[in-house]
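Visitor: I am new to this structure and would like to go through it in short questions. Please show it to me before we start.

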Amino acid sequence: AALDSPYERGPDPTLASIQAVSGPFAVTRTVVPAGSGTGFNRGTLYYPTDTSQGTFGGVVVIPGFTEPESTMSWYGPRLASQGFVVFTLEPNTVLDFPDARADQMLAALTYLTTKSAAKDRVDPARLSVLGHSMGGGATFRVAQRKPDLKTAVAMAPWHTEFNWSNVKVPMFVFGSDNDFIAPAGSMASSFFTSITPAEKAYLLLKNQGHMAYIFENTTIAQYTITWLKRFLDDDTRYSPFLCPAPAASAVISQYKDTCPV
Ligand code: 9J3
């Protein structure tokens, strides 16, 4: 197909390709030891080995309260194999609150684009963040503090602030219908309602709890990949997988959007 976006990467998507455990790109994994940069702890880079298609969008990933990096490791190969440079982080301490995690993600974005082993493979103008729980709260803070982010993905976000009306970054927000730690009604849904980008979407997982996001899950992967493709790569080949919005199903309790995306 003709390239509608200069940032399109990989073949035309199908439902099978966005649900697949691995995408079309072979992936390299590189450990980033503590002390590699300032403002964050340590982490792991996952990036496509293919250097023939230009740069890729970059995504910094952080887990939630008490969770080590490993709880979010599954996003590394899953996203990178679709054509993204992914940097999963170990928080400075697993007890850090959301705003401390936001500081770490911002520092990690700078490291990723200026010093990391993937710095020549990532486009510094196309960056995103993704986080679970307190990492999801951190994701809202990063979107607020870095309005030139192309997009951000928050999963069962937890924060003590509820009004994010000055966030203009297109965000995808996940909630879980059985979350008693960061209840979706008061957190994910409220935060989602408050943000004011032109485009945003909210997916309430059905029969899932707070920890759903630390386990490999087709629905979570599918919508994360599709949203990142659409907003980090400006790849409208993925729009039909977002709009019209998916109906409620065995895995989706509710979906809210601003279609057309
Ligand atoms: O990151 C999270 O799982 C936040 C939920 C939490 O345990 O908050 C308690 C202060």
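Visitor: Leaving aside neighbours within four places in sequence, which residues is Ser-190 in contact with?
Guide: This is a predicted model, in which local features need pLDDT of at least 70 and side-chain atom pairs count only at pLDDT 80 or more, while totals for chains, interfaces and linings use all residues. Residues are numbered from 1 along each chain as its sequence is written, and side-chain values use heavy atoms, with hydrogens and water left out. Contact means heavy atoms within 4.5 Å. With neighbours within four places set aside, the residues in contact with Ser-190 are Phe-162, Ala-184 and Gly-185.

Visitor: What separates the C-alpha atoms of Ser-190 and Phe-162?
Guide: Ser-190 lies in helix α5; helices are DSSP runs (H or I, at least four residues) and strands are DSSP runs (E, at least two), numbered from the N terminus. Ser-190 and Phe-162 are 28 residues apart along the chain, and their C-alpha atoms are separated by 6.6 Å.

Visitor: How does the relative accessible area class Ser-190, and what is the value?
Guide: Buried means under 20% relative accessible area, exposed over 50%, and partly exposed in between (1.4 Å probe, protein chains only). Ser-190 is partly exposed, because its relative accessible area is 26%.

Visitor: Which residues surround the ligand?
Guide: A residue is near a molecule or strand if one of its heavy atoms lies within 4 Å of it. The shell divides into four nonpolar, three polar and no charged residues. Here Ala, Val, Leu, Ile, Met, Phe, Trp, Tyr, Cys and Pro count as nonpolar, Asp, Glu, Lys and Arg as charged, and the others, Gly among them, as polar. The residues around the ligand are Gly-64, Phe-65, Ser-133, Met-134, Trp-158, Ile-181 and His-210.

Visitor: How far is a polar side-chain atom of Ser-133 from an oxygen atom of the ligand?
Guide: Ser-133 lies in the loop between β5 and α4. With 5% relative accessibility, Ser-133 counts as buried. From a polar side-chain atom of Ser-133 to an oxygen atom of the ligand is 2.5 Å.

Visitor: What distance lies between a backbone N or O atom of Met-134 and an oxygen atom of the ligand?
Guide: Met-134 is one of the buried residues of α4. A polar backbone atom of Phe-65 is 2.7 Å from an oxygen atom of the ligand. For the backbone N or O atom of Met-134, the distance to a ligand oxygen is 2.8 Å.

Visitor: How many of the 12 residues of α4 are buried?
Guide: Helix α4 covers residues 134–145, and its end C-alpha atoms are 16 Å apart, which agrees with the 16 Å that 12 residues should span at 1.5 Å a residue. The expected span is 1.5 Å times one less than the number of residues. The buried residues pack against elements including β3 (56–62) and α3 (98–114). Helix α4 is mostly covered, and the number of its residues that are buried is 10.

Methods. A polar contact is a pair of N or O atoms within 3.5 Å; within protein, one must be able to donate a hydrogen and the other to accept it, and residues adjacent in sequence count only if both atoms are side-chain atoms.
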